Amino acid sequence: MNILVTGGAGYIGSVCAEVLIDRGHNVIVLDDLSEGHREAVDPRAAFCQVNLHDEVALDTIFRGNPIDAVMHFAALCLVEESVKKPGLYYRANVAAGINLLDAMLRHGVKRFIFSSTAATYGEPETTPIPEEHPTRPINPYGASKLLFERILEEFKVNSGVDYVTMRYFNAAGASQKYGEDHHPETHILPILFEVALGQRPAFQIFGTDYPTADGTCLRDYVHVVDIAEAHAIAVERIPRFSGRVFNLGNSRGYSVREVIESVERIASRKISVNISPRRPGDPASLVASSARARHELGWMPKYSSLDSIVASAWAWKQRFPKGYRGS
Ligand code: UFG
């Protein structure tokens, strides 16, 4: 298939583009490089530096390329930033996506895979969280993604768009070539590696008073390559899964302290830690039930242990100690 990958220069989008190409698809990466990295675009993909608010540029891309499906990763995804700047998040995660859907429809493209998030659930009432769980996001990031999920339902009913929504839990790990590199970095593993390499003095644990076994937040870490495989399966059989929502996680929660211990094991270094107050917008525990993705998509994550996820991310960090900018 010919697949347009928005946000394909970002962390998850770059790995998805790589996996799609490895599976024989043609990929066009669309990214404005506001967050992504040119170095993270697979050289086998075509690349268009375009902002999703630019309707003229979108029309040019759809007119010039035989696109069968779109995977939409381009988004802002920081919980704390979204609490401070909700307008920014609704423009990037909702308005820009509507522009993309409108452009697709103008050019007769009706297959869409949406990159959503566990943040749509809010504070879970049950764990692990199934897809039917109530969606009551507690921050604008989750709310913006949930709103776009609902907009997609309208586009399916009214305009015949076949879509699949993927709700990721905590994407982590790296492929051989592409990994996690944000500026500023806020995610747990890259920050722990910076401490391990002496690039930061210490790791701040955001809250030790959560109602969890060791008082730190529980998260379900899922390998970015496993996420990419799920997307590939869905897009290859999209009419069959149209309108479905799938959780992507390993169904096992690890506390922040357990992640620190894993990094200490894999990197064979001691991590200096400071205790800080809770970070605004963080739920105590997010663990997926991924039974639906396993049964319906036949998705089988290859990296189910935290140590295997951490090891792949650490290997990438050692190859790119300063991220893409230093490559
Ligand atoms: N953490 C720290 N110190 C840090 C960074 C993170 O203690 O310096 C903790 C966080 O409080 C959290 C865990 O490590 O408990 C993971 O934090 P990340 O920033 O790596 O990831 P998030 O859990 O914030 O983000 C994930 C997904 C989002 C989703 C969000 C829901 O990436 O898509 O969970 O809260 F929206």
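Me: What makes the charged end of arginine 278 count as sitting over the ring of tyrosine 210?

Reply: First, the ground rules: this is a predicted model, where local features need pLDDT of at least 70 and side-chain atom pairs count only at pLDDT 80 or more, while totals for chains, interfaces and linings use all residues. Residues are numbered from 1 along each chain as its sequence is written, and side-chain values use heavy atoms, with hydrogens and water left out. Now the charge. The rule asks for NZ of Lys or CZ of Arg within 6 Å of the ring centre and within 35 degrees of the ring normal. The charged end of arginine 278 is 4.0 Å from the centre of the tyrosine 210 ring, and sits over that ring.

Me: Why is the pair of phenylalanine 112 and phenylalanine 148 called tilted?

Reply: Rings of Phe, Tyr and Trp (its six-membered ring) pair if their centres lie within 6.5 Å; planes under 30 degrees apart are stacked, over 60 edge-to-face, and the rest tilted. By this rule there are nine aromatic pairs. In this one the centres are 6.2 Å apart and the planes stand at 50°, so it is tilted. Phe112, Phe114 and Phe148 form one aromatic cluster.

Me: Which parts does that pair tie together?

Reply: Phenylalanine 112 belongs to strand E5 (residues 111–117) and phenylalanine 148 to helix H5 (residues 140–159), so the pair links parts 36 residues apart in sequence. Helices (H or I, at least four residues) and strands (E, at least two) are DSSP runs, numbered from the N terminus.

Me: Why is isoleucine 61 called buried?

Reply: Buried means under 20% relative accessible area, exposed over 50%, partly exposed in between (1.4 Å probe, protein chains only). Isoleucine 61 has 6%, so it is buried. This residue is found in helix H2. Its C-alpha atom is 9.3 Å from that of leucine 4, 57 residues away along the chain.

Me: Why are H2 and H4 called oblique?

Reply: Axes are lines fitted to C-alpha atoms, for helices over the stretch in contact, with angles from 0 to 180 degrees between N-to-C directions. Under 35 degrees is roughly parallel, over 145 roughly antiparallel, 65 to 115 roughly perpendicular, and the rest oblique. The axes of H2 (residues 55–64) and H4 (residues 86–106) cross at roughly 40° and come within 10 Å. H2 and H4 are therefore oblique.

Me: What makes E4 a partner of both E1 and E5?

Reply: Two strands pair if DSSP finds at least two bridges between them. Four bridges join E1 (residues 2–6) to E4, running parallel. Three bridges join E4 and E5, also in the parallel sense. Methionine 71 in E4 stands opposite valine 5, and has isoleucine 113 as its bridge partner in E5.

Me: Which way do the side chains of E4 point?

Reply: Ala69 and Met71 point one way, Val70 and His72 the other, and all are buried. In a regular strand the side chains alternate between the two faces of the sheet.

Me: Where are cis peptide bonds found?

Reply: One joins threonine 127 and proline 128, with omega about -5°. Another runs from histidine 183 to proline 184, with omega near -5°. Proline 128 lies in the loop between E5 and H5.
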